[in-house]
Amino acid sequence: MTQPAPTPAPVPTVEELEAQERRLVFRRFTHEDAWALGSLLVEMARERQAPVAVDIHRAGQQLFHAALPGSAPDNDAWIARKRRVVERYGAASYLVGARHRAKGTTFEESSRLDPDTYAAHGGSFPITVEGAGVIGAVTVSGLPQLEDHRMVVEALERFLARL
């Protein structure tokens, strides 16, 4: 007997995405935290055989980068484009795109920003520190955008649960 295909998880609403950002906040974020979070994402990707690249930036400095088997130079370009959305809007790249979709438009149509420089596709999430706000971004590229977003959120949830 064949097993039915798993039902995909529902697409999160803007409100659910905003709640993720309110919940996933750091007390501090150090170089060591970047290494630990990045290493956790690499471990998760290896377990899933996910062909992704992982990147963590803080205040304009790259603190962590890894490219797993199956990833490509295009993933680094996507990382940069998604990270720029987080830096400009102070919100997850997927959330920024979802806000535009909720208004019946697209980011590309309504932002008037160069799509070669900015991509409101899932996978980049703000690193927010209590009392300081958004100080950086953690980004994954290589899977469909919602899966990139979910991988980052899962890693942040696991990481922050350890603190």
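Arg112 sits in the loop between helix 5 and strand 3. The model is a predicted one. Phi of Arg112 is near 65 degrees, a positive value in a residue other than glycine. Most residues other than glycine have a negative phi. Arg112 counts as exposed, at 76% relative accessibility.

Gln49 is a second case of this kind. Its place is the loop between helix 2 and strand 1 (53-58). With a relative accessibility of 72%, Gln49 counts as exposed. A glycine with positive phi is found just after helix 4, where Gly104 takes a value of about 80 degrees.

**Helix 1 and helix 4**

Helix 1 (residues 14-23) packs with helix 4 (residues 93-102) at an angle of about 155 degrees, and their axes are 10 Å apart. Angles over 145 degrees count as roughly antiparallel, and the two helices are therefore roughly antiparallel to each other. Their crossing is left-handed. On the helix 1 side the contact is made by Val14, Leu17, Glu18 and Glu21; on the helix 4 side it is made by Tyr94, Leu95, Ala98, Arg99 and Ala102. By class, this contact has six nonpolar and three charged residues, and no polar ones. An α-helix has 3.6 residues a turn, so residues three or four places apart point the same way.

How many of the ten residues of helix 4 are buried? Seven are, and the helix is mostly covered. The buried residues are Ser93, Tyr94, Leu95, Val96, Gly97, Ala98 and His100. Besides helix 1, the cover over the buried residues of helix 4 includes helix 3 (73-89), helix 5 (107-111), strand 3 (124-129) and helix 6 (145-162).

Ser39 lies in helix 2 (residues 31-48). This serine is partly exposed, with a relative accessible area of 27%. Its side chain reaches the backbone oxygen of Trp35 at 2.8 Å. Ser39 and Phe64 are 25 residues apart along the chain, and their C-alpha atoms are separated by 8.7 Å.

Asn75 is found in helix 3. Is Asn75 buried or exposed? It is buried, with a relative accessible area of 10%. The side chain of Asn75 reaches the backbone nitrogen of Ala72 at 2.7 Å. Leaving out residues up to four places away in sequence, Asn75 touches Pro51, Ala53, Ser141 and Gly142.

Ala155 is in helix 6. At 0% relative accessibility, Ala155 counts as buried. Apart from neighbours within four places in sequence, Ala155 is in contact with Leu37, Leu40, Leu41 and Met44. The C-alpha atoms of Ala155 and Leu40 are separated by 6.7 Å, although the two residues are 115 residues apart along the chain.

The table collects the accessibility values of the residues discussed above.

| Residue | Relative accessibility | Class |
|---|---|---|
| Ser39 | 27% | partly exposed |
| Gln49 | 72% | exposed |
| Asn75 | 10% | buried |
| Arg112 | 76% | exposed |
| Ala155 | 0% | buried |

Notes. Residues numbered from 1 in each chain as written. Predicted model: local features only at pLDDT ≥ 70, side-chain atom pairs only at ≥ 80, totals over all residues. Heavy atoms only, no water. Axes fitted to C-alpha atoms, helices over the stretch in contact; angles between N-to-C directions. Helix = DSSP H or I, 4+ residues; strand = E, 2+ residues; numbered from the N terminus. Parallel < 35°, antiparallel > 145°, perpendicular 65-115°, else oblique. Left-handed = near helix turned anticlockwise from the far one by under 90°. Contact = heavy atoms within 4.5 Å. Nonpolar A, V, L, I, M, F, W, Y, C, P; charged D, E, K, R; others polar. Buried < 20%, exposed > 50% of the residue type's maximum accessible area, 1.4 Å probe, protein only. Polar contact = N/O pair within 3.5 Å; in protein donor to acceptor, adjacent residues only side chain to side chain.
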